[in-house]
Amino acid sequence: MRKVLSSATAPSGHWVGDGFPVRSLFSHMGGSNDYTPFLMLDYAGPEEFGPTAKPRGVGVHPHKGFETVTIVYQGEVEHGDSTGRGGVIRPGDVQWMTAANGILHKEFHSEDFTRKGGTLEMVQLWVNLPAADKSAEPGYQAITDADIPSVDLPDDAGRVRVIAGSYGGSDGPARTFTPMDVWDTRLKAGKTVHFSPEEGHNVIVVVLDGKVTLNGDLCLEGAAQARLSRDGGGFTVEAETDAKLLILAGAPIDEPVVAYGPFVMNSEAEIRQAITDFNSGRFGQL
Ligand code: MN
């Protein structure tokens, strides 16, 4: 069985712009690459917003050197970027944005959600790119709820929606630069499930909602996460209540991580270059 290397409950939150009250469940910002290829996971909400006229969110800002993955559970997020693409991300949808060589984008509540108000709940996951792919063209995958296969777990224990990678013979729709699984997992109270991600992959079990016991030993109550050893076979999750998890497993990218705000590169020199490029308008227009 894989060993639990660390675990943490969500810290108190902070706001990203005026639209996203987030709790960072893990982050590379302190200089850690322990979660590689994953860099950061922000869990936004669930938060009630009243109806209003002006969309709340984050205005135009850059990203470079990695990918942002937005998973919407409740509410609607509208996106636009410097490649000219955009759209509304609805409950069950996932937006997989490749910043790579540099992108500008903005993230707001949708017009409709703004006008009606409601509950917003989403995750934004940052996924690193290998050095060789940090200069790739920026890209954008709009993945809808209907694109994501849902696999029923044995013993009526719940289900896994396969966003990336594969589970139970079903492949997720997301195209990734390095091998990884992103499993949107729902477990029913009282059920125990055994998961067996690829050997050598880093594994992070994120409990967004509910209470589970990991490997018969560690209690995790949402929002919380645990990081498992890269080897050792599978692990078990016993649901004490109905639970909503995000299970992440990926091939480690064991390269230096040098981050400055929305830029994640391999060296200080590359960060300085990214800032120069951004300031001189080389990330395009929005
Ligand atoms: Mn952003």
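The structure is a predicted model: local features need pLDDT of at least 70, side-chain atom pairs count only at pLDDT 80 or more, and totals for chains, interfaces and linings use all residues. Residues are numbered from 1 along each chain as its sequence is written, and side-chain values use heavy atoms, with hydrogens and water left out. Seven strands form an open antiparallel sheet.

- Histidine 61 and histidine 63 are both buried. Buried means under 20% relative accessible area, exposed over 50%, and partly exposed in between (1.4 Å probe, protein chains only).

**Sheet**

- The strand order is β2-β3-β4-β11-β6-β9-β12, with antiparallel pairing. β2 and β12 (139-143) are at the edges with a single partner strand each, so one side of each has no neighbour in the sheet.
- From one strand to the next, the twist averages 25°. Axes are lines fitted to C-alpha atoms, for helices over the stretch in contact, and angles run from 0 to 180 degrees between N-to-C directions.
- Strands (E, at least two residues) and helices (H or I, at least four) are DSSP runs, numbered from the N terminus. Two strands pair if DSSP finds at least two bridges between them.
- β3 and β4 run antiparallel and share four bridges. Phenylalanine 26 has leucine 41 in β4 as its bridge partner.
- β4 and β11 are antiparallel and joined by nine bridges. Alanine 44 is bridged to methionine 122 in β11.
- β6 (residues 66-74) pairs with β11 in the antiparallel sense over eight bridges. Glutamate 67 has valine 127 of β11 as its bridge partner.
- β4 is mostly covered, with nine of its twelve residues buried.

**Pocket and cavity**

- On a 1 Å grid over the protein atoms alone, a cavity is a set of points where a 1.4 Å probe fits but cannot get out; a pocket is an open set with protein on both sides within 12 Å along at least five of seven lines; lining residues have an atom within 4 Å of a point.
- The largest pocket has a volume of about 300 Å³. It has 16 lining residues, and Val16, Met40, Asp42, Gln124 and Trp126 are the closest to its centre.
- β2 (14-16), β3 (20-26), β4 (38-49), β5 (57-63) and β11 (118-128) each give at least two residues to the lining of the largest pocket.
- The largest cavity holds about 30 Å³ of space. Its lining is Phe20, Thr70, Val77, Ile89, Gln95, Glu107, Met122 and Gln124.
- Grid points are joined across faces, edges and corners, and a volume is the space filled by probe spheres set on the points.

**Aspartate 152**

- Aspartate 152 lies in strand β13 (residues 150-152). This residue counts as exposed because its relative accessibility is 64%.
- Aspartate 152 and lysine 188 are 36 residues apart in sequence and 12 Å apart in space, C-alpha to C-alpha.
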